[in-house]
Amino acid sequence: MSLAEEYTEASEDSRLERGLAYVQRNSRAYLLIAPAALFLLAVVGYPIIETFRLSLYRSPADSTIETFVGLQHYVEIFDSDIFYRLLWQTGRWVLAGVAGKTVLGLLIAVHLKGDIRGRKFFRTAFLIPWGIPYAISAVVFRWIEHPQFGYLNAILLKLGVIEQGIGILGNPSIAWLGVVVADIWIGTPFMAIIFLAGLQSIPQELYEAAAIDGAEKWHQFRYITLPQLKSVILIATLLSTIWTFVSFDVIWTMTGGGPISSTATLVIHIYQVGLQNGNLGRGAAYSVIGFLFLLVFAIIYLRIYTRGGDEL
Amino acid sequence: MTMAGHDRSGLRKVRLYGVLLALLGLMMLPFYTMFSSTFKPESEIFSAPATLFPSDPSFQAYVEVWSQTDVLLWIGNSFIISLGTVVLTLLLAIPAAYSCARNDFVGKRTFLLSVLVVQMFAPVVLIVGLFDVITQFGLFNTYLAVIIPAAAFTLPFNVWMLYGYFKTIPVALEESARIDGASQLQILTKIVLPLTKPALVASITYTFLYAWNRLLFVLTFLTDSAKYNIPRGVFSMVGALQTDWRMMLTVSVIGIIPLLILFAFLEEYIVAGMTAGAVKE
Amino acid sequence: MQPDNNPESSDDSIDRRQLLQALGAGGAIAIAGCSGDGGSGSDGGDGDSGSGSDGGDGGTQSVQFLTMGVGDNIKQFFEENNAAFEEEHGVDVEFTSVTWDNARQTVNNRVDGGQAPDVSRWPARWIPQLVGKDALEPLDDMMDGEFGEQFYDGVAEGTMYNGSHYGVPWAASNKCLYYNKDVFETAGLDPENPSLDSWQDMVDAAKQIRDSDASVPALGLAGADAIETGSQYYHYHWSHGADLVDDEGMPVVNSSGAVDALSLYTDLHLEHDVTQSSPLSSTRQDIRQLFENGDLGMVIGHVYTGLNITSAQENDEVDFDYGIVQVPRGPEGRYSLFTIDTLAILSQSEHKDLARDLIRFYFDEERRFQYSKQKGFLPVVEAVGERSYFSDSKNWGPFVEAGQYARARPKLSNFSEFNDRMVQAIQEALAERKTPQKALNDAQSDLEDAME
């Protein structure tokens with residue numbers, strides 16, 4: 001306590017004391033989160049703050065000179081056509097990817113829930129995509145879709161569906177779908193596992209009661225499974241949205257953002273502008289914009305989540 | 001099920017397995033592409049159109065791979081990096097998640113949200129700043145240079161996931177233990193964690209695979225080829241003019257085997273976790 | 001965690017630039033365009049560090065020699081010759097080899113840490129970056145003198161940057177046009193003396209293949225979003241009298257010659273339909289693979305294509321015959337894209353004379369011959385190229401001859417960005433999103449903006 005504090009007003013004094021007392025009372029709670037908080041601060045705190053700082057500077061890679069430019073990067077970004085194109089491309093990438101992973105994950109989880117024959121085999125087999133490094137999976141998918149060497153075209157040719165190999169990844173109109181498929185493949189096992197864990201916590205009696213009432217499978221799913229899984233689905237899709245938004249390996253390995261930038265998302269563009277072309281400041285400004293998008297999204301999403309009666 | 005007629009139950013079974021097998025086929029096509037190609041000679045891998053089955057299957061690749069590549073070293077390194085990440089992440093995440101689940105304190109919401117913020121930056125976006133941090137701590141070219149960033153990016157999910165599960169465990173159990181004189185740590189390790197097994201298994205799996213699958217940190221923070229993990233090893237085989245695809249794919253397939261064994265093992269735990277959940281009712 | 005000491009020139013940005021350079025180089029992650037160009041790394045996989053000779057710590061001088069991607073096929077060559085040099089000069093050679101995926105970062109790390117080697121192999125396209133750090137010693141004294149006369153002109157030119165030679169050509173790779181003799185025969189074309197002198201000849205032959213019983217596409221066309229799509233296209237560009245940058249280094253990519261070149265490139269697919277399907281999906285690597293398996297009529301490729309087919313023939317994996325001719329001539333000449341690796345001396349070296357001696361030693365004609373032969377690299381020294389081992393060889397001969405058409409890409413510090421923009425223009429034209437004129441005009445204006 002310094003001298004100055006003797007002159008502070010009584011109310012503030014007591015507020016401070018109350019605050020201290022509060023921390024003291026909850027010291028164990030703070031102590032337990034402290035390691036995680038400090039660790040994150042030490043490892044990613046600086047890079048994040050640095051990103052914000054750099055977004056206000058012009059910082060070319062081939063010189064050490066940084067020039068303060070204020071919000072110029074932001075103004076130029078919002079002024080450019082490419083930004084809105086990137087938003088659209090990122091949006092469809094996230095939407096299609098998350099929807100695909102969620103639906104497939106649910107489908108697998110629901111079918112694997114029961115005590116079925118060969119359960120162990122199926123459960124293990126469905127996990128395989130998760131055990132392959134992303135970049136390798138992406139290489140394999142690029143290859144499957146290859147117009148000349150790919151299995152997909154070989155199958156379609158054999159079935160007589162097409163006459164010559166089609167290059168999905170080379171067609172600016174549909175290349176993004178070819179990449180989304182790979183992303184869904186990679187991301188589905190995680191969703192399936194989460195949903196499976198969620199399904200386990202649904203009391204079996206609910207289904208038994210419904211079965212007695214003669215409810216169809218679909219009705220059971222619609223009126224028992226989905227509502228019971230609601231919070232798991234919400235959290236899983238929130239995370240999946242964030243991860244899909246920031247994902248890099250798959251797109252980069254499969255198409256590098258091409259052809260004609262048609263598969264580029266914000267993150268791909270950030271990499272190209274900031275790291276490949278060395279325009280660090282511009283890349284950082286894009287990163288901040290992308291972050292703000294996700295933050296607003298997450299807050300709205302969590303509000304919906306908490307409105308449903310669940311506390312955070 | 002007991003009320004359903006015999007025919008209907010049979011039909012259901014057919015449908016169930018039909019759906020499962022169809023899904024499985026879809027999921028397996030990419031893996032099959034890899035797997036079948038390892039039995040082809042290089043020239044057949046690049047035949048147009050592709051041959052769906054190796055015309056003259058050969059196990060040669062699986063003989064050569066041991067001498068031509070450092071696949072065992074890479075698998076070993078993958079385990080070191082993944083296990084290191086799991087240990088570090090759980091040590092940090094369990095106390096934090098438990099604290100948030102059991103206490104109401106000012107800043108909890110902020111903490112949980114700001115943990116999530118970490119996820120909102122692509123690792124590749126933060127890589128320059130991370131590079132500064134890694135070199136500042138003198139970690140460049142050590143396993144920790146990969147483990148620490150991986151832990152930072154897996155921590156948020158683990159905190160949230162465990163937080164959610166801790167909340168579902170009735171406080172009453174802990175109360176009675178506390179009355180019996182157990183310490184907080186004892187309660188956590190003896191009572192809470194065993195009940196959290198399914199969540200822990202999911203946590204460990206996620207964290208382990210995150211570190212197993214990512215190339216970026218290894219690519220950027222490790223230049224010592226003795227510390228390469230599987231993805232980095234595979235990509236070191238990409239030559240400018242010649243890439244031995246057959247070897248690359250063989251290494252990739254071999255890299256999956258330890259995980260398949262682990263998956264089969266973990267799957268058992270999930271089932272065990274399920275019965276634990278049932279007892280809870 | 002870095003307190004922000006001095007934003008004008010903070011220390012950490014040096015580390016950072018290193019990282020950026022490594023990432024800018026594409027790194028291994030860019031497998032989508034995985035065939036980095038040229039002589040810079042044919043060794044692929046297991047060329048781990050070679051023999052780090054345990055330099056004596058006594059009074060003997062030592063010279064540090066760093067090279068890249070030394071595989072089993074060439075390890076002995078270096079061991080023997082380093083020993084010979086040590087004997088001849090009474091010094092130690094500290095020899096290290098790093099893998100290609102680490103090459104750029106390793107040298108940069110050592111330069112920044114004040115630990116630069118004396119002599120290092122260094123791809124010419126990375127010269128601007130080290131010159132930017134004042135890390136390279138100009139070698140004009142060697143290259144402008146008698147020593148420099150042994151090289152092909154276009155090759156010697158390739159080590160120039162800002163008016164000085166910053167290295168001695170060490171390895172090179174260039175391009176020729178391959179054709180499948182069996183396919184030519186089926187199409188009623190002369191397989192032994194095909195008329196493939198000009199682009200028009202090539203188009204005519206391709207159309208004849210298209211209309212014949214030959215079941216394979218006539219011509220391989222690269223159009224994927226990868227660095228090498230540019231490399232393939234520049235043959236067309238240059239031979240139509242178009243340039244990439246002018247003498248001041250400003251972009252000039254939309255001249256009328258350039259429009260003709262890009263129109264020709266895209267017409268091959270859109271108008272004449274003589275290419276493999278979906279060229280926008282195909283990297284240069286893809287079309288090379290197609291040709292090597294006998295699934296393509298013609299392709300522009302480097303010497304490895306021939307070497308690969310020859311070894312596949314020996315293993316009975318393929319059974320077609322092929323021929324090699326020069327890259328076709330355009331209205332304004334004929335060019336073969338050259339990529340050059342150099343031996344450079346680093347300015348930090350305290351033994352620059354010894355370093356020069358080491359270079360001279362390795363440029364002994366017989367040593368050059370052995371190196372080029374064992375390594376399978378195109379000779380950069382004329383006298384070596386003229387030896388019958390190379391000039392009479394079916395695979396090497398045309399590439400040696402192409403030495404006279406050598407042309408390197410411009411050395412710009414931001415060439416990869418430049419090239420990316422060119423590839424985008426090629427793709428826009430190939431996908432019919434823009435006319436060649438519009439695609440190149442847009443590229444020109446973007447590049448002008450970027451150059452500022």
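How much of residues 87–301 of chain A is helix, and how far apart are the end C-alpha atoms? The legends below describe a predicted model.

**View 1. Residues 87–301 of chain A, a stretch named in UniProt.** Over this stretch the chain is 73% helix and 0% strand. The end C-alpha atoms of the stretch are 19 Å apart. An unreviewed UniProt entry lists these residues as "domain: ABC transmembrane type-1".

**View 2. B:Thr69 in the loop between two helices of chain B.** Helix H3 spans residues 60–68 and helix H4 spans residues 71–102, with B:Thr69 in the loop between them. Is B:Thr69 buried or exposed? B:Thr69 has 22 other C-beta atoms within 10 Å, and because the cut-off for a buried residue is 20 or more, B:Thr69 counts as buried.

**View 3. Residues around B:Thr69 that lie beyond its sequence neighbours.** Leaving out residues up to four places away in sequence, B:Thr69 touches B:Gly233, B:Met247 and B:Val251. B:Ser236 is 167 residues from B:Thr69 in sequence, yet their C-alpha atoms are 10 Å apart in space.

**View 4. Predictor confidence along chain C.** The average pLDDT of chain C is 83, and 87% of the residues score at least 70. Over residues 1–14 of chain C the pLDDT is below 50, and this stretch has 16 contacts in the model beyond near neighbours in sequence. Residues 24–58 of chain C also have a pLDDT below 50; here the model shows 116 contacts beyond near neighbours in sequence.

**View 5. The complex as a whole.** For the complex, the predictor gives an ipTM of 0.84 and a pTM of 0.82.

Notes: Residues are numbered from 1 along each chain as its sequence is written. Chains are lettered from A and ligands numbered from 1 in the order in which they are written. This is a predicted model: local features need pLDDT of at least 70, side-chain atom pairs count only at pLDDT 80 or more; totals for chains, interfaces and linings use all residues. Helices (H or I, at least four residues) and strands (E, at least two) are DSSP runs, numbered from the N terminus. A residue is buried if 20 or more other C-beta atoms lie within 10 Å of its own, exposed if 12 or fewer, and partly exposed in between; C-beta atoms are placed from the backbone. Two residues are in contact if their C-beta atoms, placed from the backbone, lie within 7 Å. UniProt positions are given in the numbering used here, feature names are shortened, and annotations may be inferred rather than shown by experiment. pLDDT is the predictor's confidence in each residue, from 0 to 100.
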